Amino acid sequence: MNLIKILEEKTLIPQYELIKFASTAPHRYKEFDIPKRNGKGVRHIAQPSKELKFFQRIIVSHLSKILPVHKKATAYKAQVGIKENALIHRAKTFILKVDFENFFPSIKPIVLFSIFNKHNIILDETDEFLLEKLLFKKDKKNRHSYLSIGSPSSPFISNCIMYFFDVEADKICENRGIKYSRYADDITLSTNKKNNLFDLPDLLGEILKKELIGLIKINKEKTVFSSKRHNRHITGVTLSNNGELSLGRNRKRLISSMVHRFSLGQLDGMQTSKLQGLISFSYYIEPSFLDRLKLKYGLNIIEKIRNANLL
């Protein structure tokens, strides 16, 4: 692939300087923890330095031209997101949701190298050195390299390494009348045929062993079956029984309450910023709810929220 020549041409930095920088790159991260959205535990973030981000973006720009991402991978892609992911499954009655354990940290350089090999892309020792050093972080014990949460390159790389898994999983599902999609580490399977999903977790586990040498595993505690008898949620979006996308009852109540408090001048800057995000999310997922808010509180209030200057 001759990655070092590509980097030299893009940056005008001599090759010996690129090698020198790459040698220290796995340690050029700022680390911190943030609370998980479910309130249970924290997520460890390793954010690369500005200089390292610069190199990572160049590498991704090149790799995106030679490594495919499966069409059913709906995360980290332009014009595709959680709404499009949910729309794939809206007409189905039965849903299975499968999650992976420690998705990004489970991705090692050897997995990425194997993907290049499957695509018949030849890497020399320098290519492997640069890819490992510039895209992967070393753990605190300096033993293992892994894909960090916080690197701009990690989302694309994760989609690339899952390509052959997505191909095989989607093929199996299609042959059985099952809809398949993957949003990062969240897999959703749906069907109208009862009892058609129960063996899928084991089948997916076998594909993971085959395609990803057992490094990525299913989180059995987060494997969830649901149907129209229960609330169906896909990557933060609620599916109504008539196949429409919904914000969900609790989120609607929260938004309505916050709009009311805003109209009374009771929200501070941080709360208003959160409400702005919720209003945008409403427009994206269920615009009819936003129309109801406008009727209830007035178009003027909704526009004030959306245009509030919080600086």
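Which residues have the most contacts inside the largest nonpolar core? They are L134, I161, F165 and L189, and that core has 56 residues. Please keep in mind that this is a predicted model, where local features need pLDDT of at least 70, side-chain atom pairs count only at pLDDT 80 or more, and totals for chains, interfaces and linings use all residues. Residues are numbered from 1 along each chain as its sequence is written, and side-chain values use heavy atoms, with hydrogens and water left out.

**The nonpolar cores**

- A nonpolar core is a set of buried Ala, Val, Leu, Ile, Met, Phe, Trp, Tyr and Cys residues joined through side-chain atoms within 4.5 Å.
- "Buried" means under 20% relative accessible area, "exposed" means over 50%, and "partly exposed" lies in between (1.4 Å probe, protein chains only).
- Leaving aside residues up to four places away in sequence, F165 touches F100, Y180, I187, L204, I207, L208, E211 and L212; contact here means heavy atoms within 4.5 Å.
- There is also a second, separate core of 25 residues, with L245, V259, L275 and I301 among them.
- In soluble globular proteins, nonpolar side chains tend to be buried together.

**Two helices that cross**

- Helices (H or I, at least four residues) and strands (E, at least two) are DSSP runs, numbered from the N terminus.
- The axes of helix α1 (residues 3–11) and helix α2 (residues 15–24) come within 10 Å and cross at roughly 105°.
- That angle makes α1 roughly perpendicular to α2, a label for angles of 65 to 115 degrees (under 35 is roughly parallel, over 145 roughly antiparallel, and the rest oblique).
- Axes are lines fitted to C-alpha atoms, for helices over the stretch in contact, and angles run from 0 to 180 degrees between N-to-C directions.
- On the α1 side, the contact is made by I4, K5, L7, E8 and T11, and on the α2 side by Q15, L18 and I19.

**Two loop residues with positive phi**

- Most residues other than glycine have a negative phi.
- L12, in the loop between α1 and α2, has a positive phi near 65°, and L12 is exposed at 76% relative accessible area.
- Y76, in the loop between α3 and α4 (82–87), also has a positive phi near 65°, and Y76 is partly exposed at 43%.

**Cysteines**

- The structure holds 0 disulfides; a disulfide is a pair of cysteine sulfur atoms within 2.5 Å.
- C160 is buried, with a relative accessible area of 1%, and C173 is buried at 1% too.
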